[in-house]
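Please look through the sequence and the model below before reading on. The paragraphs that follow take up a sheet, then a helix, and then a single side chain.

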Amino acid sequence: MAGKPVRPASAIDQTRRMLSLVTYLRERPGARIEDVARAFGITEDELVSDLDVLPMCGTSFRGGDLLDIDTDGERIWWHNPAALGADAAEPLRLAADEATALLVAARAVATLPGLREGDRQALLRATAKVETAAGEAAGASSRLSVTFESEGGVFADVDRAISERRRLWIRYYSPARDELTEREIDPIRLVSVGHTYVEAWCRRSEARRTFRLDRVAEIRILDEPAAPPEVELRDLSEGLVQPAAEDPEVVVEVGAGGRWVAEYYPHDSAEELPGGGLRITLRTPDPASLRRLALRLGRDGRIVSPPELAASAGRAAREALAAYDAEDLATGGPDGANGTPGAAGSAAAARSDGTDTTAPAAEPAALGGRDDSDSQERGR
């Protein structure tokens with residue numbers, strides 16, 4: 001099909017394409033959208049998305065320096081092609097703080113594991129030129145350093161695997177099941193929605209899955225070529241988690257202290273209840289995962305339907321309380337052997353004095369989408 005990409009592009013591929021697009025459009029005023037998309041091997045929607053970004057680029061953010069590119073839906077028009085002409089370009093001048101930030105970042109990126117050697121050498125050459133140009137301002141950067149978390153190395157390996165079309169082996173942590181699993185994946189693309197994810201074809205599940213990079217405990221690039229089936233890329237503009245219409249419906253009623261549920265989770269409706277509560281209707285492919293939400297809500301909410309899920313959440317709550325009771329017996333009662341509140345005593349006190357014990361943690365419970373290793377996690 002004309003204009004359909006052979007394979008999904010990485011962020012680096014997209015950047016290269018957009019740089020080429022600038023030259024292409026300057027030489028072809030009034031170019032037709034379908035012709036340009038065909039020339040670059042992308043869909044017309046992808047081309048329009050690139051055109052939405054280009055007007056934010058230029059030699060500076062002053063009026064007239066940004067690219068004035070738009071489209072009437074059929075053709076592409078560049079109204080100020082001279083903005084990138086030789087006469088328009090001004091020498092780049094960096095303030096001391098700008099030079100320091102640039103040098104520190106460049107040195108940090110150069111240390112990333114998995115970075116292709118050619119890219120590393122190019123970055124080091126560019127860094128040396130900036131150091132020379134910055135003069136005394138470069139001295140401060142030598143006293144600063146940045147250490148990336150593990151996600152940085154994983155990102156580099158995934159990006160390299162996408163570029164070289166190679167399969168990945170990963171050990172992945174799934175919070176929903178509290179377990180590490182090993183699997184081979186064919187990476188499709190990197191996406192950033194709050195966290196950074198790799199969308200891939202999972203050979204263990206034989207389905208498309210989304211994996212959060214900071215949950216990858218170990219990663220290896222394999223010699224075997226990646227061969228993901230041709231899949232339609234999802235539109236992630238509305239977020240990573242997008243419940244499907246066919247997913248089971250769940251109804252949750254929350255009090256005033258549980259209204260945060262409507263802010264954190266995608267839902268179909270949220271009806272006001274007396275006393276400041278909400279009746280929230282949502283969809284999830286894994287209703288059982290909502291038991292954790294029910295436990296976190298405590299007295300501030302309950303699952304109404306389906307009935308079997310409500311009953312299951314009630315059993316989970318009773319089992320949790322039984323575990324606290326057993327701990328209190330072992331420590332000499334709710335106040336413990338040493339006079340400090342035991343687990344059940346603390347929980348009861350928090351509930352009785354009106355303290356909100358249900359505020360969301362950094363990552364809400366599983367809801368509404370198909371992602372990382374067969375679990376459905378919101379991934380915030």
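Two strands are said to pair if DSSP finds at least two bridges between them, while helices (H or I, at least four residues) and strands (E, at least two) are DSSP runs numbered from the N terminus. The model is a predicted one, in which local features need pLDDT of at least 70 and side-chain atom pairs count only at pLDDT 80 or more, whereas totals for chains, interfaces and linings use all residues. Residues are numbered from 1 along each chain as its sequence is written, and side-chain values use heavy atoms, with hydrogens and water left out.

Four strands form an open sheet in the order β10-β11-β9-β12, with antiparallel pairing. Because β10 (269–273) and β12 (301–305) each have a single partner strand, they stand at the edges, and one side of each is left without a neighbour in the sheet. Strand β9 (residues 249–254) pairs with β12 in the antiparallel sense over 4 bridges, and V254 stands opposite G301 in β12.

Helix α5 (residues 117–134) has 18 residues and, at 1.5 Å a residue, should span 26 Å, which agrees with the 25 Å between its end C-alpha atoms; the expected span is 1.5 Å times one less than the number of residues. Just after α5, G135 takes a positive phi of about 60 degrees.

R167 lies in strand β4 (residues 166–174) and counts as buried because its relative accessibility is 9%, buried meaning under 20% relative accessible area, exposed over 50% and partly exposed in between (1.4 Å probe, protein chains only). Leaving aside neighbours within four places in sequence, R167 is in contact (heavy atoms within 4.5 Å) with residues including D186, R203 and E224.
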